[in-house]
Amino acid sequence: MWTGVIPAVTTKFTPDGELDHAEMERCFSLQMRAGCDGLIVCGSLGEGPMLSPDERLAVLATARSVAGGKPVLLTVSEAGTREACALAARAAKAGAAGLMVVPSPIYHTDEDETVATLSAVAAAGDLPVMIYSNRVAYRVDVTPRIMERLASDARFVAIKESSDDIRRTTEIINHFGDRFAVLTGVDNLAFEALSVGAVGWVAGLVVAFPDETVAIHRLMRAGRYAEALEIYRWFRPLLDLDVSTFLVQNIKLAEALAIGSTEHVRAPRRPLSGERRAAVEAIVRTALERRPALKLAA
């Protein structure tokens, strides 16, 4: 159901910590103009756990207002299944095109609990679901064996594969064919995943560098791998910023430098400072100085 580049967008705040809808409209529109294929709001990069349910639905509404009919997914990543189901039901009423669902990131579910949680949330929202498997950040690993148990429910249409094991993409495709759309969720494994059959990229650094992200995907789709790899090699130091405890602050700093956005975050996060900030800023400024000319595939 979902293919292409789907940004996991950041949530914008005013200096006093309120939602900055005007800046979100501007930044989300940049993604659409670059040719992205949808939006995912209120995930890890979107600081979803720091937002109230009402705020998350407000961000969803803003994203839908600029998406031009392209799918906008709301992330469901609640500690409790009851709360996850309630949010899924509200998202459906609010017009979400689908859900990206993480089993509880607080309690690490076993296989039976993972199946039960995902199934309950899918039933509550009655929307298409992208499963989010991320054993590195959340210790939530939705394996092909678990996917087998979910495959009879047509609401499960895709998986954001973030196990950090490139072999997993091939394992899923070998086992299921095209039953599930496989999207890579690890920025610095994107070229590798797309080269072995992933049909999409749930991207992070795209929010600061949308044109380059879309170019890589389009070139890969067109079979122009050498051209895509040239851009990807330039991009890699930036993409590494997504694989970090400080990914939100890293990427918001990249947005500030590349597209003139803001760095405001929700506590307990604070914007980068000191040596860490200097290191990230150096990576971004070097990339901006060496930015490649793009030859976009149609």
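## Talking through the predicted model

Modeller: Of the 298 residues in the protein chain, 54% count as buried, meaning under 20% relative accessible area, with exposed over 50% and partly exposed in between (1.4 Å probe, protein chains only). It's a predicted model, so local features need pLDDT of at least 70 and side-chain atom pairs count only at pLDDT 80 or more, while totals for chains, interfaces and linings use all residues. Residues are numbered from 1 along each chain as its sequence is written, and side-chain values use heavy atoms, with hydrogens and water left out.

Colleague: How many helices and strands does the protein chain have?

Modeller: Helices (H or I, at least four residues) and strands (E, at least two) are DSSP runs, numbered from the N terminus. On that count, the secondary structure comes to 11 helices and 8 strands.

Colleague: What is the radius of gyration of the protein chain?

Modeller: It's taken over C-alpha atoms, and the globule rule is 2.2 Å times the number of residues to the power 0.38. For 298 residues that rule gives 19 Å, and the chain comes out close to it, so it is as compact as a globular protein of that length: the radius is 18 Å.

Colleague: Which share of contacts between residues at least 6 apart in sequence joins residues at least 24 apart?

Modeller: Contact here means heavy atoms within 4.5 Å. Among those pairs in the protein chain, the share joining residues at least 24 apart is 73%.

Colleague: How far apart are the end C-alpha atoms of helix α8?

Modeller: The expected span is 1.5 Å times one less than the number of residues. For the 12 residues of α8 (residues 210–221) that should be 16 Å, and the model agrees, with the ends apart by 17 Å.

Colleague: Which elements do the buried residues of α8 pack against?

Modeller: The helix is mostly covered, with 9 of its 12 residues buried. Val-214, Ile-216 and Leu-219 are among them. Their packing partners are β1 (4–7), α1 (21–34), α7 (190–195), β8 (200–203) and α9 (225–239).

Colleague: Which residue just after α8 takes a positive phi?

Modeller: The phi in question is about 80 degrees. The residue that takes it, just after α8, is Gly-223.

Colleague: Is Ile-131 buried or exposed?

Modeller: Ile-131 sits in strand β5 (residues 129–133). Not counting residues up to four places away in sequence, it touches a set including Val-101, Leu-118, Phe-156 and Phe-180. Its relative accessibility is 0%, so Ile-131 counts as buried.
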